[in-house]
Amino acid sequence: LTMPAIAAHANPEKVLLIGGGDGGALYQLLKFNFSIIDHVDLDEKVIEVSKEHLENIHRGSLYNNRVNRHIQDGRQFLKQIKNGYYDIIIIDLPDPSKLSLAPLYSIEFYEEVRRVLKEDGLMVTQFTPPYYFIEGFTSAYKTIKTVFPETYPYVVPGSLQGSLGYIIAGK
């Protein structure tokens, strides 16, 4: 989830992670010397449970003082950020299997993501891979492609949870 965007950006300094309360993505981000790592998660309980039970995933990243944690809705957080602030935005949310999650997968949400990205900024998100749920993956791709002119899907086979699908995009 994190490495393709980091590798594709010439000089990332400011990174935002929306979701990812298990700390796995944070662990990867902390391998780099970013000037800002903001982490927004809606549910502090997920972070607390992860701290207690998922040490093998977060590997201490949930305790790291380089991370600026914000417990709030990701959409609301984005609305508070000035235009062109982040180099990379990583969106690590549950797949949109519940209606309550729909606003996080809307054109309006991705327009906010685009607004707060720098001109050379990138966003990446994960989804169930296309061969498990082609309609959902295709819908997500089309929504993101509406907002970002450069949008590319990819699949990483053989992860711990099985194969995972991703979408990376930029201005």
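Tyr131 sits in the loop between β5 (117–127) and α7 (134–147). Helices (H or I, at least four residues) and strands (E, at least two) are DSSP runs, numbered from the N terminus. This is a predicted model: local features need pLDDT of at least 70, side-chain atom pairs count only at pLDDT 80 or more, and totals for chains, interfaces and linings use all residues. Residues are numbered from 1 along each chain as its sequence is written, and side-chain values use heavy atoms, with hydrogens and water left out.

**Helix α7**
- The 14 residues of α7 should span 20 Å at 1.5 Å a residue, and its end C-alpha atoms are 20 Å apart, which agrees.
- The expected span is 1.5 Å times one less than the number of residues.
- Phe137, Ala140, Thr143, Ile144 and Val147 are buried in α7.
- These residues cover an arc of only 130° around the axis, so they lie on the same side of α7.
- The arc is that of the directions from the helix axis to the C-beta atoms.
- Glu135, Lys142 and Thr146 are exposed, on the face turned away from the buried side.
- Buried means under 20% relative accessible area, exposed over 50%, and partly exposed in between (1.4 Å probe, protein chains only).

**Helix α3**
- In α3 (residues 44–53), the buried residues are Ile47, Ser50 and Lys51.
- Seen down the axis, they fall within an arc of 100°, so they line one face of α3.
- Lys45, Glu52 and His53 are exposed on the other side.

**Aromatic pairs**
- The whole structure holds five aromatic pairs.
- Rings of Phe, Tyr and Trp (its six-membered ring) pair if their centres lie within 6.5 Å; planes under 30 degrees apart count as stacked, over 60 as edge-to-face and the rest as tilted.
- Phe109 and Tyr110 are edge-to-face, because their ring centres are 5.2 Å apart and their planes stand at 70°.
- Phe109 and Tyr110 are both buried.
- Phe127 and Phe137 also pair edge-to-face, with centres 6.4 Å apart and planes at 90°.
- That pair links distant parts of the chain: Phe127 is in strand β5 and Phe137 in helix α7, 10 residues apart.
- Phe127 and Phe137 are both buried.

**Salt bridges**
- A search of the whole structure finds four salt bridges, each a side-chain nitrogen of Lys or Arg within 4 Å of a carboxyl oxygen of Asp or Glu.
- Lys51 and Glu48 form one of them (3.6 Å, N to O).
- Both lie in helix α3, three residues apart, about one turn of the helix.
- Lys51 is buried, at 19% relative accessible area, whereas Glu48 is partly exposed at 39%.
- Arg115 and Glu112 form another (3.0 Å, N to O).
- Lys171 bridges to Glu119, with the closest N and O atoms 3.5 Å apart.
- Lys171 follows β7 (162–170), Glu119 is in strand β5, and the two are 52 residues apart.
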